[in-house]
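Thank you all for making the time this morning.

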Amino acid sequence: MTTLAPPAVRGQEPTRSRGGRSGSVLVWMVLPAFVMFVFFGIVPLLGVVLLSFATWNGITPTIQLTGLTSWKAALTNPGLVNALWVTFLIMALSWLVQTPLSILLGTFMARQSRYRGFLAVFYFIPLLLSSAAIAITYKSLLDPNFGLGAGLGIEALNQDWLGQANLAIATLIFVVSWQFIPFHSLIYQGAVRQIPQSMYEAAQIDGAGRVRQFLNITLPQLKYTIITSSTLMVVGSLTFFDLIWVLTAGGPGDATRALAVQMYQLGFQASLMGPASAIAVILVLVGIGLSLLLRRLGGRADESQMEGV
């Protein structure tokens with residue numbers, strides 16, 4: 001009886017050893033990314049939080065801790081309310097424009113076809129361009145003196161697109177959508193291709209057309225993808241700076257002065273690093289809050305939509 005015990009024990013030891021080695025390898029693989037995240041993400045964020053409780057002009061080496069002085073200056077700034085309104089307006093309008101178009105384009109490009117593959121490659125060119133280059137290009141094209149409208153002699157296009165508040169916001173939303181819709185279409189294209197084909201075949205047997213298949217199968221199956229894409233759009237819209245700054249510099253007046261532009265003007269033009277850091281912290285908190293809200297609205301995003309998985 002006692003001679004049977006040793007083999008059973010020896011049979012379990014290799015399993016624990018393999019598990020331990022796998023865990024050790026996983027830790028070493030994750031460690032570089034974790035160190036980079038802490039060094040370039042957490043440490044600067046802690047520095048900004050600390051700077052929001054200090055007074056500093058960004059030039060002299062003296063940084064003086066002054067408690068809530070910078071926060072009071074930031075929160076009582078007359079431009080803060082307008083900057084918040086512009087930020088949420090850009091966020092909402094860009095989401096309303098980008099989401100339906102991205103879903104439709106992603107669904108269209110998910111089908112197997114040679115010309116659709118060519119269109120997909122051609123369409124993703126904006127992803128290769130920087131925001132500054134796109135802003136300079138559109139600023140030249142929309143110039144009322146020598147832009148596209150004046151060059152072609154088309155009166156409807158010959159407007160002061162960036163000189164009027166409503167037109168400037170509309171132009172900004174158009175440029176943002178032109179730049180980022182290809183990226184989100186790519187996400188939806190991949191998600192649509194993961195939907196089991198058997199669901200569409202069953203719907204066809206039941207007599208459902210393409211529109212009904214899209215509404216009853218494609219859209220529900222894209223629920224978690226919509227949440228992911230929306231989170232990227234919402235959080236990304238909080239960081240729009242280079243595009244707005246090059247295109248409109250926050251103007252005309254303060255029509256396109258979002259929080260990121262307000263932060264830059266306070267920090268690097270007015271040399272008020274404390275209030276600028278306070279606005280940066282507000283941006284981080286708003287981004288975290290909106291991300292958590294979208295995750296809660298989407299339910300448990302960690303659940304799989306596929307049966308048995």
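Let me begin with what I mean by an axis: axes are lines fitted to C-alpha atoms, for helices over the stretch in contact, and the angles between N-to-C directions run from 0 to 180 degrees. Helices here are DSSP runs of H or I with at least four residues, strands are runs of E with at least two, and both are numbered from the N terminus. Please keep in mind that this is a predicted model, in which local features need pLDDT of at least 70 and side-chain atom pairs count only at pLDDT 80 or more, while totals for chains, interfaces and linings use all residues. Residues are numbered from 1 along each chain as its sequence is written, and side-chain values use heavy atoms, with hydrogens and water left out.

As for confidence, pLDDT is the predictor's own confidence in each residue, from 0 to 100; its mean for the protein is 84, and 88% of the residues reach 70 or more. Over residues 1-9, however, the pLDDT is below 50, and this stretch has zero contacts in the model beyond near neighbours in sequence, where contact means heavy atoms within 4.5 Å.

In outline, the protein has 13 helices and two strands. Of its 309 residues, 34% are buried, by which I mean under 20% relative accessible area, with exposed being over 50% and partly exposed in between, using a 1.4 Å probe and protein chains only.

How do helix 12 and helix 13 pack? The axes of helix 12, residues 259-269, and helix 13, residues 273-297, come within 7 Å and cross at roughly 160 degrees. The two helices are therefore roughly antiparallel to each other, a label for angles over 145 degrees, whereas those under 35 count as roughly parallel, 65 to 115 as roughly perpendicular and the rest as oblique. On the helix 12 side the contact includes Leu-259, Ala-260 and Met-263, and on the helix 13 side it includes Ile-279 and Leu-283. By class, the residues of this contact divide into 11 nonpolar, two polar and no charged; Ala, Val, Leu, Ile, Met, Phe, Trp, Tyr, Cys and Pro count as nonpolar, Asp, Glu, Lys and Arg as charged, and the others, Gly among them, as polar.

Phe-240 is buried, with a relative accessible area of 11%, and, not counting residues up to four places away in sequence, it touches Ile-90, Val-176, Phe-180 and Ala-260. The C-alpha atoms of Phe-240 and Ala-260 are separated by 6.7 Å, although the two are 20 residues apart along the chain.

Now to helix 3, residues 80-110, which packs with helix 10 at an angle of about 145 degrees, their axes being 9 Å apart. This contact has seven nonpolar, six polar and no charged residues, and among those on the helix 3 side are Gln-98 and Ser-102.

Leaving aside neighbours within four places in sequence, Ser-102 is in contact with Ile-181, His-184, Ser-185, Tyr-188 and Met-233, while the contacts of Gln-98 include Ser-177, His-184 and Met-233. The C-alpha atoms of Gln-98 and Ser-177, 79 residues apart along the chain, are separated by 5.7 Å.
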